[in-house]
Amino acid sequence: MASLRWVSWILIAHLFVLTSVHSDSSSNSENLAEIPIKFLQFAKEPELFDWMVGIRRKIHENPELGYEEFETSKLIRAELDKLGISYKYPVAGTGVIGFVGSGQPPFVAVRADMDALAMQELVEWEHKSKIPGKMHACGHDAHVAMVLGAAKILQKHSEELKGTVVLVFQPAEEGGGGAKKIIEAGVLDNIQAIFGLHIAHNIPLGEVAARPGPMLAGSGFFEAVISGKGGHAAIPQHSIDPLLAASNVIVSLQHLVSREADPLDSQVVTVAKFQGGGAFNVIPDSVTIGGTFRAFLKDSLVQLKQRIKEVITGQASVHRCNATVDFFENEKPIFPPTVNDKELHEHFQSVAGDMLGIDKVKDMQPLMGSEDFSFYQDLIPGYFFFLGMENETWGRLDSVHSPYFRINEDALPYGAALHASLATRYLLELQPQVTSLEEKRHDEL
């Protein structure tokens, strides 16, 4: 009987421990779920919202192209100084790297691109671009405002951070490969994960969209000069016509996808530039063509690059012309595909679902657009997603890279809160793993 009583006490104690552990786990999950909601409420408060709007409008009025973001960078540093957030500058020319939290590992990063586009803004409003021929037509002004908003949220809740959030303000996303230069500067060597977003004109406000695995294509640019012998259009037999050669080159380049690529391996080759003579009756000496090539596999990008050069030089030779091909690898490096980490996808769905409701977290199909965020993902686990800003009261919003592109500023709190929540929750959820590893190392010692 005594032994039975002991067994009973042991079972009761075991059940008590299990109940206690389950209760602690449940309580911890509830606390984690509250973070995104709390951060979004804070981001929507008039003081923080108006502050982000003001920053976004200042940047929008003074757009700067890649590696020329000196005033934008100055504004970012001034705001970080006011928040008491330390940073490194300059990084990759005009880049700024801020630090919120303990200053100790683990480290997780959020990223904003800073550069504008070389185009004239055609939207007539109070804060229209003041710089002729330059415009924030891709939302990078909003991206900066949202990461600064996240910085303010994180700084206010810094006691909740079990590690350090790294704020990456990156130059030259628009073809300049600024992310590559940030990596080469060595400032992300200890980062364990990185998050980034892009504003989306065709996703409703309060919704987000992403997918695990390949999401955006890798891309490269090319330009070719095809040289022949100019002459009078009435006597073409005395000329070597580069226009005819270039026309055949363009047609032949289309066969690279339709005849050489696996139909299940999405690829694009587009010639979007064709510059020749300036007279109706003169065959020019040379013609310049240029375009882009895209694919979701690195091997496919390498193959396309090789075949583009072979087709251009080969077809030019068939028509008695010479050709030179430039891939701009120094000025416009080839972007790898954007591939979202599958574990971070689960993390994103959990955080965004807690904030917005899981029905507002959409799966999307891969796009042939490209992003230099992919350079980060080549180095460390990364996750990139699209943030909605569509609102019926605004009417139809034009897409990015349009001179009529507009930002629905009501999206700013969502972006700021998501950045802050993804980073904070990542550090909190990672901490037990870090502690476990440290205990294991201690045991081994």
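Which residues is serine 300 in contact with, leaving aside its neighbours within four places in sequence? This tour of a predicted model begins there and then moves on through the chain.

**Stop 1: serine 300**

Select serine 300, which has its place in helix α7, residues 298-318. Beyond its neighbours within four places in sequence, serine 300 is in contact with Asp265, Gln267 and Ala295. Now display the side chains of serine 300 and aspartate 265: a polar contact of 2.4 Å joins them. These two residues are 35 residues apart along the chain, and their C-alpha atoms are separated by 8.2 Å. Serine 300 counts as buried because its relative accessibility is 7%, and buried means under 20%.

**Stop 2: the annotated binding site**

Select Cys138, His140, Glu174, His198 and His401, which UniProt lists under "binding site" in an unreviewed entry. They are spread over 264 residues of sequence, yet they cluster in space, with a largest C-alpha distance of 13.0 Å. From this set, Cys138, Glu174, His198 and His401 belong to the lining of the largest pocket.

Centre the view on cysteine 138, in the loop between β3 (107-113) and α4 (140-156). Not counting residues up to four places away in sequence, cysteine 138 touches Leu117, His143, Glu174, His198, Ile199, Val400, His401 and Phe405.

Then turn to histidine 401, in the loop between β16 (382-390) and α10 (412-444). With residues up to four places away in sequence again not counted, histidine 401 touches Leu117, Met119, Ala137, Cys138 and Glu174.

**Stop 3**

In soluble globular proteins, nonpolar side chains tend to be buried together. To see an example here, select Leu167 and Phe169, which touch the most other members of the largest nonpolar core, a set of 101 residues. The largest share of this core, 11 residues, comes from α10. A second, separate core has 23 residues, including Phe222, Ile240, Leu253 and Val287.

Return to leucine 167 and show its surroundings. Among the residues that leucine 167 touches, not counting those up to four places away in sequence, are Leu80, Ile85, Val110 and Leu154.

**Stop 4: two buried residues in helices**

Select threonine 72 in helix α3, residues 70-83. Threonine 72 is buried, with a relative accessible area of 3%. Its side chain makes a polar contact of 2.7 Å with the side chain of glutamate 64. Leaving aside neighbours within four places in sequence, threonine 72 is in contact with Ile59, Asn62, Glu64 and Met114.

Arginine 56 counts as buried at 2% relative accessibility. Trp125, Asp141, Ala142, Ala145, Ile407, Glu409 and Leu412 are the residues that arginine 56 touches, not counting residues up to four places away in sequence.

**Stop 5: backbone exceptions**

Most residues other than glycine have a negative phi, and most peptide bonds are trans. Where can exceptions be found?

- Tyrosine 89 and proline 90 are joined by a cis peptide bond, with omega about -5°; proline 90 is in strand β1, residues 86-91.
- Proline 105 and proline 106 are also joined by a cis peptide bond, with omega about 0°; proline 106 is in the loop between β2 (95-101) and β3.
- Alanine 92 has a positive phi near 55°; alanine 92 is in the loop between β1 and β2 and counts as buried at 18% relative accessibility.
- Phenylalanine 328 has a positive phi near 50° and is in the loop between β13 (322-326) and β14 (338-340).

**Stop 6: confidence**

Finally, colour the chain by pLDDT. The average for the protein chain is 92, and 91% of the residues score at least 70. Select residues 15-23, where pLDDT stays under 50 and the model has 0 contacts beyond four places in sequence. For residues 435-445, pLDDT likewise stays under 50, and the model has 0 contacts beyond four places in sequence.

Terms used. Residues numbered from 1 in each chain as written. Predicted model: local features only at pLDDT ≥ 70, side-chain atom pairs only at ≥ 80, totals over all residues. Heavy atoms only, no water. UniProt positions renumbered as here; feature names shortened; annotations may be inferred. 1 Å grid on protein atoms, 1.4 Å probe; cavity = no way out; pocket = protein on both sides within 12 Å on 5 of 7 lines; lining within 4 Å. Helix = DSSP H or I, 4+ residues; strand = E, 2+ residues; numbered from the N terminus. Contact = heavy atoms within 4.5 Å. pLDDT = per-residue confidence, 0-100. Buried < 20%, exposed > 50% of the residue type's maximum accessible area, 1.4 Å probe, protein only. Polar contact = N/O pair within 3.5 Å; in protein donor to acceptor, adjacent residues only side chain to side chain. Core = buried A, V, L, I, M, F, W, Y, C linked by side-chain atoms within 4.5 Å.
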